[in-house]
Amino acid sequence: MSDAPPVPPLMPPLIQVRGLHKSFGKLEVLRGVSFDVKRGEVMAIIGPSGSGKSTLLRCLNFLEEYQSGEILFDNVLVGYRNDPSGRRRLDSERNVRRIRARLGMVFQSFNLFPHKTVLENVIEGPVVVKGQPRAEAEAAARALIARVGLTDKLDTYPTKLSGGQQQRAAIARALAMQPAAMLFDEPTSSLDPELVGEVLEVMQSLAAEGMTMVVVTHEMGFARRVADRVMMMDEGEIVELAPPEQIFGKPESPRTAEFLRRVLH
Amino acid sequence: MNYTWQWQLIWDFRQVFWRGIEVTVMLTWWALLIGLVLGLLLGLMRSSRLKVLRWPAAVYVDIFRATPILVQLVWIYYALPILLGLQMGNIVAASVGIGLHAAAYIAEIFRAGIDSIDRGQSDAAKSLGMGYGQAMRRIILPQAVRRMVPPFINEFATLMKLTTLGSVLAVNELLHEAENLINNTYRPLEVYTVVAVLFGLMIYPFIWLSQRLEQRWKKSR
């Protein structure tokens, strides 16, 4: 549960998703998804594999295009603009990039840049995208790297790190852009079990500071403890979206109950 | 077999070989430059998402790979002037011809190198807000280049040997000079042997360097 400072009531939700549809060719992956993520909120997305969780997350920063519906990030339509005749067109790369720069993303497979050290990975965004002076970016990066507990690995290349260390470095890299929200795409799914905790700890402390987070996860304990709301997805639809007490206590949907029985047993 | 090798003769004509080497190196340099620049462009076009870019690049690569370079050279030197009124000197025509030919292969090296980089890398670059150019320059190409070095050195060696085809356009490169020398001295065995050795000496350092680089990168990763 985040102890974020109370948000003024008139501020619109940071992320608004309305009737989102997404297909890969003939395969419909998202079939009309609508929800809001409020500022400072932590939302966990759970559900069976192939239910569209990761695709949904990737639509939020437009790593995936979507066919209909809309995503508003901070009241700005993501990825498209309407031309004078009202037809929807792909937005300019510049506008898409501006949105992506404000949305941190953490991947299942870390995706650190292997030809750069931890420090170089973390300053890459601020220096290249924001044009921050290198010294300034380095100072900020050192603080972030300390925060994720990797100070002794500053000059290490990613392949020399454990999975947990790599993922913590990847979190620092995303945070270096000072994002308005963080997207986590199954951040612990490719970690050895004993390394999961160190990554979840970092995420939990982020949540406690009031970071807006959308987390696709199989870690039910994390969803229950940290999330403000939990979204259960199946077959491209939201089955249930409710506080963790309801999802894990008395789920309304039999599909939620069935899914949880299978993963928790 | 009773053959008397006459190496002294080769030494007496060393100037001829030296002249040939100069032209061969120059041909190699210009052809390489054309091949690299055009090859990178074609390679990027081929890995593009846009059909209008992918398609012409694919046609170019296929045409130049599917036809003999000898015909390409002759065509550029003799047919272009007729069709376009564009008459190039023989050295320029040979450089351009070999460069255009090499570009097709170099494009494939670039494309394969770029394709070999995990999609997660460009996802990560994009998610930081990088544009296509930034992601290519800072993230994708630096990794791809390491994988491209062995096939690239291969192509470089091929290209340098292909410059001998300049002789059909009467370019005074190493082989052409050597053949003139043979016509004057009737010592083909010595002359061809020396030509082979000289090419080996010019090409081998690059092969050696490529192997060293590979080992170093393997260690640091």
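This is a predicted model: local features need pLDDT of at least 70, side-chain atom pairs count only at pLDDT 80 or more; totals for chains, interfaces and linings use all residues.
Among contacts in chain B between residues at least 6 apart in sequence, what percentage join residues at least 24 apart? The figure is 75%.

**View 1. Chain B is built from nine helices and zero strands.** Along the sequence its elements follow the pattern α-α-α-α-α-α-α-α-α. A box of roughly 70 × 50 × 30 Å, taken along the principal axes, holds the C-alpha atoms of chain B. Of the 221 residues in this chain, 47% are buried.

**View 2. Surface and charge of chain B.** The accessible surface of chain B amounts to about 12,100 Å². Carbon and sulfur atoms account for 66% of that surface. Chain B carries 21 positive and 13 negative side chains. A distance of 13 Å separates the centres of the two sets.

**View 3. Strand S9 of chain A (residues 181-185) is largely enclosed by the rest of the structure.**

**View 4. S9(A) pairs with S8(A) and with S10(A).** Strand S8 of chain A, residues 103-106, runs parallel to S9(A) and is joined to it by four bridges. Here Gly104(A) is the residue opposite Met182(A) of S9(A). Strand S10 of chain A, residues 212-216, also runs parallel to S9(A), with five bridges between them. Within S10(A), Thr212(A) is the bridge partner of Ala181(A). Between S9(A) and S10(A) the chain passes through helix H6 of chain A (residues 193-208), giving a right-handed β-α-β crossover.

**View 5. An open sheet of four strands in chain A has the order S2-S1-S4-S5.** The pairing in this sheet is antiparallel. Strands S2 (27-37) and S5 (76-77) of chain A stand at the edges, each with a single partner strand, so one side of each has no neighbour in the sheet. Strand S1 of chain A, residues 15-24, pairs with S2(A) in the antiparallel sense over eight bridges. Across this pair, His21(A) stands opposite Arg31(A) in S2(A).

**View 6. Helix H1 of chain A (residues 53-60) is largely enclosed by the rest of the structure.** Seven of the eight residues of H1(A) are buried, which is why the helix is described as enclosed. The buried residues are Lys53(A), Thr55(A), Leu56(A), Leu57(A), Arg58(A), Cys59(A) and Leu60(A). Just after the helix, Phe62(A) has a positive phi of about 65°.

View 7. Leaving aside residues up to four places away in sequence, Arg58(A) touches residues of both chains. In chain A these are Leu63(A), Glu64(A), Met105(A) and Phe107(A). In chain B they are Arg119(B) and Asp123(B).

Technical notes. Residues are numbered from 1 along each chain as its sequence is written. Chains are lettered from A and ligands numbered from 1 in the order in which they are written. Side-chain values use heavy atoms; hydrogens and water are left out. Helices (H or I, at least four residues) and strands (E, at least two) are DSSP runs, numbered from the N terminus. Buried means under 20% relative accessible area, exposed over 50%, partly exposed in between (1.4 Å probe, protein chains only). Contact means heavy atoms within 4.5 Å. Accessible areas come from the Shrake-Rupley method with a 1.4 Å probe; for residues, only the protein chains shown count as cover. Lys and Arg count as positive and Asp and Glu as negative; His and the chain ends are not counted. The place of a charge is taken as NZ of Lys, CZ of Arg, CG of Asp or CD of Glu. Two strands pair if DSSP finds at least two bridges between them. A crossover is right-handed if, with the strands pointing away from the viewer, the path from the first strand over the helix to the second runs clockwise.
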